[in-house]
Amino acid sequence: MTDIEDNLKDRNAFHLAGIIPVAGQKLDFKFPWHDCLMPVANNLTAVEHAVLQCTYAGCETIWIVAHREMQRILRDRIGDWVLEYGSLFQASYKKKMASDQVRRTAIYYVPIHPKDRDKRDCLAWSVIYGSLRAFHISKVISSWYVPDKYFVSFPYGLVSLDSVYQNRSLISST
């Protein structure tokens with residue numbers, strides 16, 4: 001990159017990428033479904049709560065690291081994008097809001113590499129692998145799209161969404 005691009009990137013662009021590790025060792029709940037699909041509230045699963053944490057934190061992209069056979073189930077349940085929390089909050093005050101003003105956060109599904117499966121199967125490796133894949137894929141798209149920071153949201157631990165939103169400016173800054 002040139003000096004001009006570096007200057008513009010420092011002043012204007014900041015990309016916070018959310019990483020959600022789903023691939024890893026099984027927990028001991030012994031349910032017939034995957035542990036990340038555990039219900040935590042009415043019509044809300046643990047992985048959906050993790051996606052909400054990422055949007056409340058201000059993530060521009062969300063990367064879900066899961067085994068290939070889980071991706072279809074997760075995509076059917078979550079989708080390919082989610083509405084950004086701030087735009088939903090503003091929409092409640094403004095009766096009319098143009099559809100181009102609502103910001104969508106893209107969700108990408110990253111499969112674990114086959115050589116790592118059953119050898120490096122843990123949440124820590126999923127975080128590292130997901131952030132590396134997010135970096136490399138974003139770099140191919142554009143140098144402006146490369147994440148500056150990563151926000152990891154674990155689907156197996158619940159955090160108050162209000163506390164995440166209150167610290168949003170701290171989380172999504174350099």
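Helix H2 (residues 46-57) packs against helix H3 (residues 68-78) at an angle of about 60°. The two axes lie 11 Å apart. H2 is therefore oblique to H3, since angles of 65 to 115 degrees would count as roughly perpendicular and those under 35 as roughly parallel. The crossing of the two helices is right-handed. On the H2 side, the contact is made by Val47, Glu48 and Val51. H3 contributes Leu74, Arg77 and Ile78. By class, the contact of H2 with H3 comprises four nonpolar and two charged residues, with no polar ones. These values, like those that follow, come from a predicted model.

The helix pair belongs to a protein chain of seven helices and seven strands. Along the sequence, the elements follow the pattern α-β-β-β-α-β-α-β-α-β-α-β-α-α. The chain has 174 residues, and 41% of them count as buried. Its accessible surface comes to about 10,500 Å². Carbon and sulfur atoms account for 55% of that area. Contacts were also sorted by sequence separation. Among those between residues at least 6 apart in sequence, 76% join residues at least 24 apart.

Ala66 and Ala23 are 43 residues apart in sequence. In space, their C-alpha atoms are 4.5 Å apart. Neighbours within four places in sequence aside, Ala66 is in contact with Val22, Ala23, Gln71, Leu74, Val110, Pro111 and Ile112. One of these, Leu74, also takes part in the contact between H2 and H3.

Val22 is 12 residues away from His34 in sequence. The C-alpha to C-alpha distance between His34 and Val22 is 9.3 Å. With neighbours within four places in sequence left aside, His34 is in contact with Val22, Lys26, Met70 and Tyr156.

Methods
Residues are numbered from 1 along each chain as its sequence is written. This is a predicted model: local features need pLDDT of at least 70, side-chain atom pairs count only at pLDDT 80 or more; totals for chains, interfaces and linings use all residues. Side-chain values use heavy atoms; hydrogens and water are left out. Helices (H or I, at least four residues) and strands (E, at least two) are DSSP runs, numbered from the N terminus. Buried means under 20% relative accessible area, exposed over 50%, partly exposed in between (1.4 Å probe, protein chains only). Contact means heavy atoms within 4.5 Å. Accessible areas come from the Shrake-Rupley method with a 1.4 Å probe; for residues, only the protein chains shown count as cover. Axes are lines fitted to C-alpha atoms, for helices over the stretch in contact, and angles run from 0 to 180 degrees between N-to-C directions. Angles under 35 degrees count as roughly parallel, over 145 as roughly antiparallel, 65 to 115 as roughly perpendicular and the rest as oblique. A crossing is left-handed if the near helix is turned anticlockwise from the far one by less than a right angle, and right-handed if clockwise. Ala, Val, Leu, Ile, Met, Phe, Trp, Tyr, Cys and Pro count as nonpolar, Asp, Glu, Lys and Arg as charged, and the others, Gly among them, as polar.
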